[in-house]
Amino acid sequence: MIDSYITEQPYFIEKVKRLVDNKKISHAYLIETRNYQNADSLVLSFAKYLYCSSHSSNSNFCVNCNLCSLIDQDANGDFFRIFPEGSVIKKKQILDLKEKMMTKSLTEDSNRVYIIYSADKLNKEAANALLKFLEEPENQVIAVLVTDNRYKVIDTIRSRCQIFSLINKNMEISISDFERICKIIQCLEEKKVNAIAYLPIILNNEYYTKNQWMEILIEMQYIYEQALRKLENVSFLENIESILKTILDNNTEYSLLHKLEIIHNQMKNLEYNLNVNLMLDSFIIKFCDIDD
Ligand SMILES: [Zn+2]
C-alpha cells in the first residue's frame with residue numbers, strides 16, 4: 001500500500017495524500033522516478049490509490065477489494081497500462097487506449113486510470129495523439145505518465161501534467177563520478193566565469209560525450225534541488241552535505257532557481273547541439289553570471 005513508501009518518499013506520499021483528501025485530483029500526472037528502485041510498485045500503488053475509493057476511505061488497506069485484485073490480474077476494464085513496444089510507444093497504442101476509455105466504466109463513481117511507462121519513448125505521432133487526449137480530458141479519466149527524467153518527455157506533454165519527482169538516495173553513480181561532479185560544482189561556484197579555464201583542468205582535459213554531459217547535468221540538477229530543499233530545512237542526504245554547503249554559501253534562493261533553469265535548458269540544448277565544447281562555455285557563462 002502507498003503508506004509503505006513513506007520513509008523513502010515522504011514528499012511524494014504527503015503530497016498525494018493531500019490531493020486525495022482534498023479531492024484535488026488532476027487529470028494527468030508525470031512521475032519522475034530518477035531510477036528509484038521501487039518505482040514500479042510505487043507507481044502502481046499510486047494509481048490504485050487514485051482509482052479505488054476504498055483505498056482512501058479504508059485507511060489505505062484494500063484487502064478483499066475486488067476491483068484492486070482485478071488490476072493485479074490485469075483484468076480490470078477501467079485500468080490500463082501501456083509499455084513501449086520494442087523501443088517506442090506507437091500511435092496505435094494510444095488510439096487503442098482512447099477507445100477503451102470511451103467504453104462504459106465498471107462502476108459508476110470510480111475513476112478510470114491509465115499508466116504510460118517510459119513516457120519519454122512516445123514517438124511523435126503517439127505523443128500528438130496523447131496530447132489531444134490530455135487537452136480534452138474525459139471526466140474521471142486520470143493519466144499517470146512515468147519517466148526516469150522529466151526533461152526527456154516532450155515539453156507540450158510535460159506542461160499538461162502535474163509533476164512528482166521521486167528521491168533516489170542511492171544515486172546510481174560511482175563514488176568517483178560523484179566526487180567529480182562535486183568538483184565541477186565547486187569550480188563553477190567558486191571560480192565563477194573563470195571556470196571556463198579551470199574546468200578542463202579539473203576534468204584532466206578529457207573529452208566528454210553528450211551522454212556523459214547529460215549524466216552530469218542530471219546529477220547537478222539533483223544536487224541543486226537538494227540545496228533548495230535544504231534552504232527549506234528538509235534534507236536527509238548526509239553524503240552531499242559538504243557540496244550543499246558550498247552551494248548554499250554561494251547562492252540565494254533566487255540564484256538556485258535560476259541555475260536549475262539553466263541546467264534544464266542545457267539538457268535540452270545538448271540534444272541538438274553538435275559542438276559540446278562551445279556549448280559548455282556558454283553554459284558556464286550563463287551559470288556563473290547571475291546577479292543575486
Ligand atoms: Zn481497492
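The following paragraphs lead from the domains of this predicted model to its sheet and then to one pair of packed helices.

The domain assignment divides the protein into domain 1, covering residues 2-165, and domain 2, covering residues 175-288. The centres of domain 1 and domain 2, taken over C-alpha atoms, are separated by 32 Å.

Consider next the sheet. Strands of a sheet pair through backbone hydrogen bonds, and the pairing may be parallel or antiparallel. Here, 5 strands form an open sheet in the order 2-3-4-1-5, and their pairing is parallel. At the edges lie strand 2 (79-82) and strand 5 (162-165), each of which pairs on one side only. From one strand to the next, the twist averages 15 degrees. The pairing can be followed in detail at strand 2, which runs parallel to strand 3 (residues 112-116) and is joined to strand 3 by 4 bridges. Within this pair, I82 stands opposite I116 of strand 3.

Helix 9 spans residues 195-202 and helix 13 spans residues 276-288; their axes are 10 Å apart and meet at an angle of about 120 degrees. Because of this angle, helix 9 is oblique to helix 13. The crossing of helix 9 with helix 13 is right-handed. Which residues make the contact? Helix 9 contributes A195, I196 and L199, while helix 13 contributes D281, I284 and C288. Sorted by class, the contact between helix 9 and helix 13 has 5 nonpolar residues, 1 charged residue and no polar residues.

Technical notes: Residues numbered from 1 in each chain as written. Predicted model: local features only at pLDDT ≥ 70, side-chain atom pairs only at ≥ 80, totals over all residues. Domains from an automatic or database assignment. Axes fitted to C-alpha atoms, helices over the stretch in contact; angles between N-to-C directions. Helix = DSSP H or I, 4+ residues; strand = E, 2+ residues; numbered from the N terminus. Parallel < 35°, antiparallel > 145°, perpendicular 65-115°, else oblique. Left-handed = near helix turned anticlockwise from the far one by under 90°. Contact = placed C-beta atoms within 7 Å. Nonpolar A, V, L, I, M, F, W, Y, C, P; charged D, E, K, R; others polar. Pairing = 2+ DSSP bridges.
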